[in-house]
Amino acid sequence: MTIRNFVRLSSISLLIIMVAVLTSCGNKTGKKEINTTKSKMKISNKTFGKAGDKEIKLFELENENGMKISIINYGAIITSVIVPDRDGKFEDVVLGFDSLQGYLDGHPYFGSLVGRYGNRIAKGKFELDGEVYQLAINNGENHLHGGLKGFDKRIWTAEAFEDKNSVGVKMQYTSMDMEEGYPGTLKVLVTYFLTNENELKIDYKAVTDKACPVNLTQHSYFNFTAGKENILNHQLKIKASKYVEVDQELIPTGKLPEVKATALDFLDFHSVAERISQVPGGYDHSYVFDKEYGKYESVVEVYEPESGRFMEMFTTEPAVQLYTGNFLDGSLTGKNGINYNKHYGFCLEAQHYPDSPNQPAFPSTILRPGEEYTQTTLYKFSTK
Ligand code: BGC
């Protein structure tokens, strides 16, 4: 044996002895043993109720760490996201209802897949290739989140799948030509993945047979206290130096001011509570990411100090609508009998800027025949 090999072997033995000693100390001092045995990924579905004469399915996904997500094929709605806190206690961190009826009775897009156009289009009107289109009006004088019967109220075809590192559901919906006033038949495929890295990943694809605006998004309302409190103590970091300035009706003025020296600046961590009183109505703003257009990157971090829950968001989209549940008023009772009062949830809706079809200087949201709309957005959960 060479001297070098002898030294190497001795260091390995020393390391083994140290690990053994440390482990036994840990046991003696009552430290928690970390259970490294992983359970299997699971996927199941059951009937959630009926919308008219159509059966609605609830898909339950579970990864190897026990994180669970439920999704229904009505509105492609995420009905629950169950993640551990820093002590390993699993709780549901999204708003929603126990039964399908809650979703059918009307709600502000809890967990919904929003389309064709997430966010507002001024007066529901836009011009495209010389034609003026009038969309359904459902928010004051404007069009919001796809209209009176957007993708959030449609029945999707759904198929569960399992691959090496994730379980998921593929959801498909075909939106007919002139549905809610939009031109073209639009075929949409949304794939939800739950990975073994505690990630909820959403892949979007769409194709059309006529040019039309497309701006899809996911409208989950998160609350990392699992509804014990409102979301004001959550801390946020958003990698966006600019935001989309809006008027009283939340319609863009066309300007993209700097967040610097305003209550909208989340370039470093701030709690929602810290400056929300300086923001009339609360946060409901489109943040323009600093990253290169179209690049998939980490853009938002959220931390809730009591539970230790932490979430990082990645997306290919150029902006995110931060909405702090300003219009929740306690009139809706959700899961576990919790009244959803003002600021009981926050949304991080990855998307393009509002009213892009009427703002030529904004990145285009027009999809043309022969092109494919794609988006990937991912929410990764952990604790700190
Ligand atoms: C919008 C809010 C709206 C909410 C519920 C959010 O995406 O930004 O203005 O009230 O959705 O409809």
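Predicted model: local features only at pLDDT ≥ 70, side-chain atom pairs only at ≥ 80, totals over all residues.
A polar contact here is a pair of N or O atoms within 3.5 Å.

**Around the ligand**

Start with Asp284: one of its polar side-chain atoms comes to 2.5 Å from a ligand oxygen, so the pair falls within the 3.5 Å limit. Arg120 and Gln321 also put side-chain atoms by ligand oxygens.

| Residue | Side-chain atom | Ligand atom | Distance |
|---|---|---|---|
| Asp284 | polar | oxygen | 2.5 Å |
| Arg120 | polar | oxygen | 2.8 Å |
| Gln321 | N or O | oxygen | 3.3 Å |

On its own, the ligand has 310 Å² of accessible area, and the protein covers 94% of that. As for where it sits, that's the second largest pocket.

The residues surrounding the ligand include Tyr109, Leu144, His145, His219, Tyr221 and Leu250. Tyr323, Phe327 and Glu349 are also among them, along with the three residues in the table. Sorted by class, this shell comes out as six nonpolar, three polar and three charged residues.

The protein chain has an average pLDDT of 93, with 90% of residues scoring at least 70. Two stretches call for some care. Residues 1-7 stay under 50, and the model gives them two contacts beyond four places in sequence. Residues 14-35 are also below 50, with three contacts beyond near neighbours in sequence.

How values were computed
Residues numbered from 1 in each chain as written. Heavy atoms only, no water. Near = heavy atom within 4 Å. Polar contact = N/O pair within 3.5 Å; in protein donor to acceptor, adjacent residues only side chain to side chain. Areas by Shrake-Rupley, 256 points an atom, 1.4 Å probe, with all protein chains shown as cover. 1 Å grid on protein atoms, 1.4 Å probe; cavity = no way out; pocket = protein on both sides within 12 Å on 5 of 7 lines; lining within 4 Å. Sits in = over half its atoms within 2 Å of the grid points. Nonpolar A, V, L, I, M, F, W, Y, C, P; charged D, E, K, R; others polar. pLDDT = per-residue confidence, 0-100. Contact = heavy atoms within 4.5 Å.
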